[in-house]
Amino acid sequence: MENNGRPRNSARKRAAKGPNQRLRQRTAILIILILLIGFGAAITRLAYLTLIQGNALQEDAVDQQLKDTTISAKRGTIYDANGKVLAESASVWQVVMAPAYLKDDKQRKAVAQGLSEILELDYDNVYEKTQQNSYYVVVKRKIETEARDKILKFIDTLQKDYDCGNAVELLDDYKRYYPQDDLASCVIGFTGSDDQGLEGVEYKYDEYLAGTPGRIITAKNATGTDMPFQYEQNVDAENGNNIYLTIDETVQSICEKYMKQGIVDNNVLNRGVCIAMDVNTGAILAMVTVDGYNLNDPYTLPKEQQKKIDALPKDKQSAAESEALSAMWRNKAITDTYMPGSVFKMCTASMALEEGKVNDSSTFVCGGSFVVSDKTIHCHALQGHGTQNFVQAICNSCNPAFIQIGQLVGMNKFCQYYQGFGFADKTGIDLPGEAEDSFWKEGTMTDVDLAVASFGQNFSITPIQMVTACSAVANGGYVLQPYVVSKITDSDGNVIKNVEKNIKRQVISKETSDKMNEILAYNTATAGSTAGYVAGYKVAGKTGTSEKIGSKVQSVFSEDYIASFCGYAPADDPQIAMLIFFDTPSGGAYYGSQVSAPVFINIMTEVLPYLEVKTEYTDSELEYVDVSAGDYVGLSVSEAESAAQNDGFTTTVKGEGDKVISQIPSVSSKIPTGGNIVLYTDDNSKSETVTVPNLIGYSASEVNSVASEYGLNISFAGAASSDVISSAQDIAEGTSVSPGTVITVTFSSASTFND
Amino acid sequence: MAPRKKMILKADINRIYDDEYYSEQKIKQEKFFVRPSRQRKMKKTKWFSIGMGIDLPFCIIILILLTIGTIMMFSASYAFSYYTQGDSYYYLIRQLIFIVIGLLGMLVMSFFNYNKFHRIAPVILGVAYVSLLLVLVLPGTNGVKRWIPLGIFNIQPSEIAKFAIILFFAHWASKYYNKMQIVRYSVVPGVIVFGTTAILLFLEPHYSGIVIIGILTVLMLYIGGMKTKYLAIGFVLLVAIVGILAVTGGLSYAMSRMDGWGQALVYTDEEMWQTTWQTRNSLYAIGSGGLWGLGLGQSRQKYLYLPEPQNDFIFAIVVEELGLIGAAMILLIFALLVWRGITLSLRAKDKFGKLLGIGLTSQIGIQVVLNILVITDWLPNTGISLPFFSYGGSSLIMLLMQMGIVLSISRTANIERQ
């Protein structure tokens, strides 16, 4: 028995402590080990984790606890000037996946199988996505109701059979629709897969249209369902703003209709452009690039082009395809430059007038060519125009005359006006991709350059610059900033931006402008359809045919040409300016007067009435103006005759009855003033017919006399003036029709081309 | 010898259990339950239990810990319980039933004459071995064999083993107290018992169980009187092995093999990332708690991020909700428990009681420390529950019964002070 304890006085004490001395010591050490070292280590470790590592750990924890879901904002609608929808977003859905919730390969395969089947995706691709350790993987965007219903069912099945319904989710999404398909395609543009604007207004105004996506931040438990306590933060999606264009859908579609026709008629190889601008504000009423493309399907090339690309070697296909696509998307009206040609003469003439270098009595001699600094420059009329006054020089579009006018203006002034008309700067139109002009650098311009520049050659401008300058000539000299967006409203309709007209400067005086209006109106009136004459309206305009110098020969002609026409109406109170140009026509005609002027006439004939521009017929025109037939049915024969004569028609009575039972042309039909109305008084008389004669190849008055011989009525289409010849009739020769039937006869010009 | 006996008689204590006079005969004379003497009935409540009464402070500390533990267990479990059992109260109700059973068990044990264990200690060790072998035969879950299913209860053989080893060495050291300096009586049985148990636990596998059994073995041998020299040799050996492993790079391999020990926040590969999920989320919870915590019931990590938050990792949720301050206060209460348990055990009237009481109380302290080191990724994540906090029927009942044994010891330890 050991007793290591120190000797004690008390035996009891010794006995109590003695044998346990070692135990007590060791217990004390034990307590130190457990309580001081053990608990100390535990507390230290906890303090380290909570106080020093706390923030980092908490961040990681919050990262996994919070799920951030993006709510798509609805993109704003694009309207035309009258509130017609051009582009809008409709609700669709996107399928997203949280593959982190998938626990085994069986679930992954089931999800991949189902999704790839419903969404028509590649199985391997989807299966790969199911293996990611992520809570947000987009499987497919913009799925429609049908696919969405299938997905919802599939989610139920997943939940039931595989217990992983939380791995697939549907989120709101929007899809862009363009109800008008290809209308104004190059202006409106389209959006990409993330609803971002890629072209046109969609691109330029993306920040307005896009809106702000909302977010839902929720605390989720580890399986992705919401935690039962309030830990949610919603940021509502802010829908995009709506945009009202200055483009008028009606004007736009009229322009597109005739531009497409022009492309086909003239076998135009390099597309065509038509811009209609409000001359007083700079608002673009129509901007056409033909051929456009279907905005709902912007990645599909025309079939022929696709075939050509498919024929290429494989490695070149994708490059060729993207090149073709970007060419198709190009808004030629602002991104391409061209030489304005004779159209530019309206600017040269304006500056000469403004500077007082010419007046009505100025004369210019044209001998068919003109020598500048030893260089001979030819006129399009090789025999020469002889001696002309200023107005005649414009009407003749005489190059030597304009070389002389240019020389009168002088190089410095010419360049100043060039800048003044806004050719040196971008117009600042609110569309993407506007190109810059290409003009001689300061000090490099020679006399020869000035000579050719006077009639619009050897420098390039954009179509939008030309139409802006033309508006300045028309509206009293004000150079405006063209624009396509007139108004932006928020989703509740509050206006947040109203675009006002922006006058950059006045380049010529009102007087000069008035004078130019007069001269250009005279030009169209005398030259008829070749210069854009529109019956009933005073139209001012100038044709242009420019060579595409340096361009590869594409057309059937020795050179490639651009056939253009720039004009405005009405000449005495200009409202709408329009530039039309066709790049590389190859259908037999290439002069602006042949190719572009007829299109201009067709468009203006429809657009001006639509814009409610007042008609002002001259006496000779009145002859050909159509009026509406009255209602004479039910009247007695004598009453009907007098009523029709009062309305300005002649009458022919058929049958033996007392009362008129029917009439041809019928009520409200358009017939020319002084047309013949056939009144039927019994049923027998109605069976009478006449055979339609040939009406092609006659002048207007000849057509009229033939028609009255047959008791038929004629409606005049195209430019009806003294020097035109009928080129088509809508009811073919030899057809049997009732007397009084209205036959539409189209007239076109046979005269020489002045440009 | 005689004077000693006389001395004890002087002390006027009804029963004397001194290991040095331990005899079969005496055990036969003893009643199965100890009852407080009527004469010694307390007249008024005092901080120290008087006579044969239980130690009140120790008992109160247990009840405090049990209360806090149950509240925190409910808070930690209700989301998990709701999602997995469809009932937020599933674990609470069961835990409350276990607590009632456990408290009854504690009460019964506090009246039970702990000296009965002296005799059956080797038998209980045998039972522990059988259960450790049995669990290896039974099919485990996810390749881990730690539980013996018994209907509503799951019994963890390592829980039995811990108790059995404390009991056995208390028995051994008190029986051979004088011979504990000899290698044959201390180091050899220690190595044999620990070695065999460790092998069985390794097969489960239950690495933290090995650690805790190892610590308990050493602890019992140390307070049982083993020479410090051997302890030092063992310690040096351990350090040398760890050192060699660290130098050869085997340590990190071994660590990563042990359920991704120390890898929780480092992404290496997907499998490891999944393996360390629980530990990582435990660290997230602790980190989120900060100094003051998110508030009672405000844990976010318990929403299925931290798997089974009511079990071993409950303290991570405690830290998340109550912060470092709350955690420190709870640890302080645990420290008081350990302190009180050890000091009262030292007053026991026999060596067996002293050793048993110290062992059982220390076990709680060790388990608390190890649990916190596990949830903070300083030890491999392998099943060390937090006493009074973690959910679990068999371990809680067993824990409370062990506390009952300590209380039973306390009855003999209290001397009325005059």
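1. A word on terms before we start: two residues are in contact if their C-beta atoms, placed from the backbone, lie within 7 Å. Helices (H or I, at least four residues) and strands (E, at least two) are DSSP runs, numbered from the N terminus. This is a predicted model, in which local features need pLDDT of at least 70 and side-chain atom pairs count only at pLDDT 80 or more, while totals for chains, interfaces and linings use all residues. Residues are numbered from 1 along each chain as its sequence is written, and chains are lettered from A and ligands numbered from 1 in the order in which they are written.

2. Chain A first. Its secondary structure comes to 24 helices and 31 strands. Of its 755 residues, 46% count as buried, where buried asks for 20 or more other C-beta atoms within 10 Å of a residue's own, exposed for 12 or fewer, and partly exposed lies in between. Among contacts in chain A with a separation of 6 or more, 73% join residues 24 or more positions apart.

3. Do look at helix H10 (residues 249–265) of chain A. Its 17 residues reach 24 Å from first C-alpha to last, close to the 24 Å expected at 1.5 Å a residue; the expected span is 1.5 Å times one less than the number of residues. The buried residues of H10(A) include Val251(A), Ile254(A), Tyr258(A) and Met259(A), and also Glu249(A) and Glu256(A). What do the buried residues of H10(A) pack against? Their partners are strands S9 (272–278), S10 (284–290) and S21 (576–583) and helix H21 (592–610) of chain A. Just after H10(A), Asn267(A) has a positive phi of about 45°.

4. Further along chain A, 3 strands make an open sheet of mixed pairing, in the order S23-S26-S24; two strands pair if DSSP finds at least two bridges between them. Strands S23 (650–654) and S24 (662–664) of chain A are at the edges with a single partner strand each, so one side of each has no neighbour in the sheet. From one strand to the next the twist averages 25°. S24(A) pairs with strand S26 (residues 676–680) of chain A in the antiparallel sense over 3 bridges, and Gln663(A) stands opposite Leu679(A) in S26(A).

5. In chain B, which way do H6(B) and H7(B) run relative to each other, roughly parallel or roughly antiparallel? The axes of helix H6 (residues 157–175) and helix H7 (residues 187–203) of chain B come within 12 Å and cross at roughly 175°. H6(B) and H7(B) are therefore roughly antiparallel, a label for angles over 145 degrees, with under 35 counting as roughly parallel, 65 to 115 as roughly perpendicular and the rest as oblique. Axes are lines fitted to C-alpha atoms, for helices over the stretch in contact, and angles run from 0 to 180 degrees between N-to-C directions. Among the residues that meet are Phe168(B) and Trp172(B) in H6(B), and Val193(B) and Leu201(B) in H7(B).

6. Finally, the interface: 43 residues of chain B are in contact with 38 residues of chain A. The largest share of chain B's side, 11 residues, comes from H13(B).
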